[in-house]
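Please find below a colleague's note, written for someone who is opening this structure for the first time.

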Amino acid sequence: MPSEFFVPDPEGQVPDAAGYFGAFGGTFIPEALVAAVDEVAAEYEKAKTDPEFARELGDLLVHYTGRPSALTEVPRFAEHAGGARVFLKREDLNHTGSHKINNVLGQALLTRRMGKTRVIAETGAGQHGVATATACALFGLDCTIYMGEIDTERQALNVARMRMLGAEVVAVKSGSRTLKDAINEAFRDWVANVDHTHYLFGTVAGPHPFPAMVRDFHRVIGVEARRQILERAGRLPDAAVACVGGGSNAIGLFHAFIPDSSVRLIGCEPAGHGIETGEHAATLTAGEPGILHGSRSYVLQDDEGQITEPYSISAGLDYPGIGPEHAYLKDSGRGEYRAVTDDAAMQALRLLSRTEGIIPAIESAHALAGALEVGKELGRDGLIIVNLSGRGDKDMDTAARYFGLYETDASVAADADSETAEIEGDAQ
Amino acid sequence: MSAEVTGGQAQLLADTLAAAKAEDRAALIAYLPAGFPTVDGGIAAIKAVFDGGADVVEVGLPHSDPVLDGPVIQTADDIALRGGVRIADVLRTVREAHAATGRPVLVMTYWNPLDRYGVERFTTELAEAGGAGCILPDLPVQESALWREHAEKQGLATVFVVAPSSKDERLAEITAAGSGFVYAASLMGVTGTRESVGTQAQELVRRTRATTELPVCVGLGVSNPAQAAEVAGFADGVIVGSAFVKRMLDAPDEQTGLEAVRTLAGELAEGVRRRA
């Protein structure tokens, strides 16, 4: 697999040498981590031009991950999206069940090149943790995963998967006990163990070079999708839609389309119970510029720079920050960001399950809900790619509680059926 | 950077550290968070550690996400933030602690609260309150130009942290940009008390001194008089934080806590004069 899959064309690219995407990015880290972060940056620069690295990663992507991932047209779902054509980029079909494996394999190879023997990572929904534990099993690396205590409860299946793979899972009890706090704890570990430990950061945030490096490893999503849609539909899409928490799957889909000015890049943030309730994690919609976890971007914070506790039904999007390149795309106008409530996402999750036989992750369901709106705006001539970033197995407990699927109560079942009938009716 | 021009007390900090050196001893630098256990209780605690023998105090401006702090200071920050501490309270803490003692008082915090508050506004107000400067451990030297411009204008010192992992050329870059003193992290890790101060500290102080005339003070993990004496043997100052906070947390009531930190400051002040 050629290096085009993870190395972008350097022409006119961000970030600059200091790691800035316009006003966003940079390196706001303690001095103790500067040498380690510099080492990662230097190793990545070397790896990018090393054909052996490209070959190894390419082999893994094809023979281990199962790339290229499918591009699936979903006509029955699309009937609810104003009749626009909708294609799903099936990152849920990757080994481990989400896009996260793309970045993890790249960084695991770097870990080995740096001679480090231990990997730590944060995880929200558990998908990055599972992918990291998987790569550590594959490469024989020690692995510790930090996960907020609330998330270990709502994503218990993934905790079991990580432990099965041999990783130590630490339930973080500080702060809001979600993804943000897991990252804090991982940073504390890294500062203390940096000589033999690589922090395998899971999203396009953090200090330079992580936002650019993680993006490059996920860029394969958009490169494949662009080629596939040209083959299948004969033209570029009108919109590429993805959910955004930290923003890794979204930047992975968007990046190859940035030069295609006709393609709208639409990120869907978690609006939780609604922006107006304050219970959300819609960082670009409701946040302000600030510094969190090593870079400047938009941040959910109060008037004195204290980070506020985010909320989303989706553990993977429940984060008060966002990758700096998304902040840059928002401010430049190239990216559009809208907020999707818990309820809209859950309805989209059920709709895709029942119309296409594909159960998406709750994270990805935010993108599907966004696509339903975008499709109605575009109308029948519209063509949309949605990044289906992960599969929903891990979310069945949350979904079952949300929809009352654990009840044998006939009235609950009947209610669920009638709602589906309404959905079907809308499409007629 | 003259204290006559503005209210910043960088010169007082320099004079205080020079005076300790003239006495052939290390300085004792204590850390306590503002607003912990209350704003007034925090001010009383700072006065108590000055009374016990601290030469300089760093006032922590609590942050919701203290990624460089261990469980002790995290707990204190949580208590302060739940109590509703604001930056105005931190500035009042600095003002009252400095006014009551005439000693140098620094602020230590994470970058986002100051970035959000506004660098010009914060440096102006800190100087007016009689602050001597700031330690900003997640603002590395390459991102610090705007901060230093304003701090210098206001007569405030900018104390940078150096770590055992800092390479020699990097140490030179950091110490050239810093003022007041250099904060040498004794080990790779977050704040908290440790059984022993590693050998890394002495080597780091040696490498740092090769790049600067600034005093080099050692922090992280120092909690008792024996460690203070050991560090005083090779450094210009000894920085103690978590041990003070822990005394306050462990005390059954505020008065007992104040006595405990005063006593600890006295024991540590003796330690820095022993120079093991």
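This is a predicted model: local features need pLDDT of at least 70, side-chain atom pairs count only at pLDDT 80 or more; totals for chains, interfaces and linings use all residues.

1. Residues are numbered from 1 along each chain as its sequence is written, and chains are lettered from A and ligands numbered from 1 in the order in which they are written.

2. Chain A holds 17 helices and 14 strands, where helices (H or I, at least four residues) and strands (E, at least two) are DSSP runs numbered from the N terminus. The radius of gyration of chain A, 20 Å, is close to the 22 Å that the globule rule gives for 428 residues, so chain A is as compact as a globular protein of that length; the radius is taken over C-alpha atoms, and the rule is 2.2 Å times the number of residues to the power 0.38.

3. Along the principal axes, the C-alpha atoms of chain A fill a box of roughly 60 × 45 × 45 Å. Of its 428 residues, 61% count as buried, a residue being buried if 20 or more other C-beta atoms, placed from the backbone, lie within 10 Å of its own.

4. The contact between the chains takes 32 residues from chain B and 26 residues from chain A, with two residues in contact if their C-beta atoms, placed from the backbone, lie within 7 Å. On the side of chain B that touches chain A, the elements giving two or more residues are α3, α5 (111-117) and β6 (161-162) of chain B, and α5(B) gives the most, with six residues.

5. UniProt, in an unreviewed entry, lists E58(B) and D69(B) for "active site"; its positions are given in the numbering used here, feature names are shortened, and annotations may be inferred rather than shown by experiment.

6. E58(B) is found in strand β2 (residues 56-60) of chain B, and E58(B) is buried because 27 other C-beta atoms lie within 10 Å. Leaving aside neighbours within four places in sequence, E58(B) is in contact with I29(B), Y31(B), L106(B), M108(B) and I135(B).

7. D69(B), by contrast, is found in the loop between β2 and α3 (71-82) of chain B, and D69(B) is buried, with 26 other C-beta atoms within 10 Å. Not counting residues up to four places away in sequence, D69(B) touches Q74(B), D77(B), V190(B) and T191(B).

Methods:
A residue is buried if 20 or more other C-beta atoms lie within 10 Å of its own, exposed if 12 or fewer, and partly exposed in between; C-beta atoms are placed from the backbone.
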